[in-house]
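The sequence and structure are shown here.

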Amino acid sequence: MGYPRRVMSTTTIAATASLDLNADMSVTSRHRLAVNDLVGGARLWRLALALGWLDIRLRYRGSMLGPFWLTISTGVMVAALGVLYSTLFKMDVADYLPFLALSQVLWGFLAALVSEGCTSFTDAESVIRSVRMPFFVFAIRTLVRNIIALGHNIVVIIVTFAIFSRWPGWEGLMAIPGLLLWIVDALMLTLFLGAFCARFRDIQPIVNSVMQIMFFVTPVIWKPEQLGTGMAKLPLNPFFDLLEIVRGPLLGGGALTGWAWLGAIIFSLALCGLSWTFFVRARGRITFWI
């Protein structure tokens, strides 16, 4: 005895199941997805903080001093270069060493952000391919681990300032807005370089070479006053502007800080515009590039 078969017509099947292959790639849709990425990544700041801390622990796993090895090497280099260049430049050690210590630590922070920003997505390839997560989380992760490293190197600045009694006054608080601008620039730069270097892998060594050149043309181991009349060209260097808005208040200098702020704001607006434009177009392709 057979059982009656239930036959579904083509019309019934089409009514019960549908597949939507429509992909909205309009400019408005791309901007909306990019904004959602930033908002979603900001909500996961605790995860980014944990990942950044984990990166530091894994980087110095098995080491007795951990990140303080970087602090010791920075301190030794500041002491050696301070004595050498103060003699060559015929400058007072008590005036030059605090400048050098502060400049070296701040530049190390900037250079590390630029270098690690290039690999912020490629280093997280396994996570990006396994878990659906906002890309902004990895930008925050890169910033967090570099802030932790900066916190260790601040010891060099404190010790140098204590030896020569060069503590900043209340005007040193003016460095806080500069640091906040650094954070915004770092996040946007990481989104840009992370995506751009994921697409073009030969960009990272070029960026590292440019940073080495900028180290020598930026007042890090030499003071701006040594250029004389050529000091007027320094605001054209964006790294000088970014350094000066933080370094100037901490060293008690205010003559150049106003012009440096103007240059830093113009540079930051250009950077944010470029980074956002590229991230909006490249966000959906990053997973395939890595």
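T71 is found in helix α4, which spans residues 68–88; helices here are DSSP runs of H or I with at least four residues, strands are runs of E with at least two, and both are numbered from the N terminus. The model is predicted, so local features need pLDDT of at least 70 and side-chain atom pairs count only at pLDDT 80 or more, whereas totals for chains, interfaces and linings use all residues. Residues are numbered from 1 along each chain as its sequence is written, and side-chain values use heavy atoms, with hydrogens and water left out.

**A residue in α4**

T71 counts as buried because its relative accessibility is 8%; buried means under 20% relative accessible area, exposed over 50%, and partly exposed in between, with a 1.4 Å probe and protein chains only. Which residues does T71 contact, leaving aside its neighbours within four places in sequence? They are H152, N153, V155 and V156, a contact being heavy atoms within 4.5 Å. With N153, which lies 82 residues away along the chain, the C-alpha separation of T71 is 5.0 Å.

**Overall fold**

The chain contains twelve helices and zero strands. Of its 290 residues, 42% count as buried. Among contacts with a separation of 6 or more, 77% join residues 24 or more positions apart.

S165 is placed in the loop between α7 (136–164) and α8. Although S165 is not a glycine, its phi is positive, at about 50°. S165 counts as exposed because its relative accessibility is 57%.

**Pockets**

Grid points are joined across faces, edges and corners, and a volume is the space filled by probe spheres set on the points. In the classes below, Ala, Val, Leu, Ile, Met, Phe, Trp, Tyr, Cys and Pro are nonpolar, Asp, Glu, Lys and Arg are charged, and the others, Gly among them, are polar.

| Pocket | Volume | Lining by class |
|---|---|---|
| Largest | about 510 Å³ | nine nonpolar, three polar, six charged |

The largest pocket is lined by 18 residues, with L33, D37, R132, F135 and R283 nearest its centre. Two or more lining residues come from each of α2 (27–43) and α11 (257–282), and α2 gives the largest share, four residues.

**Cysteines**

The number of disulfides is zero, a disulfide being a pair of cysteine sulfur atoms within 2.5 Å. C118 is in no disulfide, and its nearest cysteine sulfur, that of C197, is 3.6 Å away. C118 is buried at a relative accessible area of 2%, whereas C272 is partly exposed at 22%.

Key: On a 1 Å grid over the protein atoms alone, a cavity is a set of points where a 1.4 Å probe fits but cannot get out, and a pocket is an open set with protein on both sides within 12 Å along at least five of seven lines; lining residues have an atom within 4 Å of a point.
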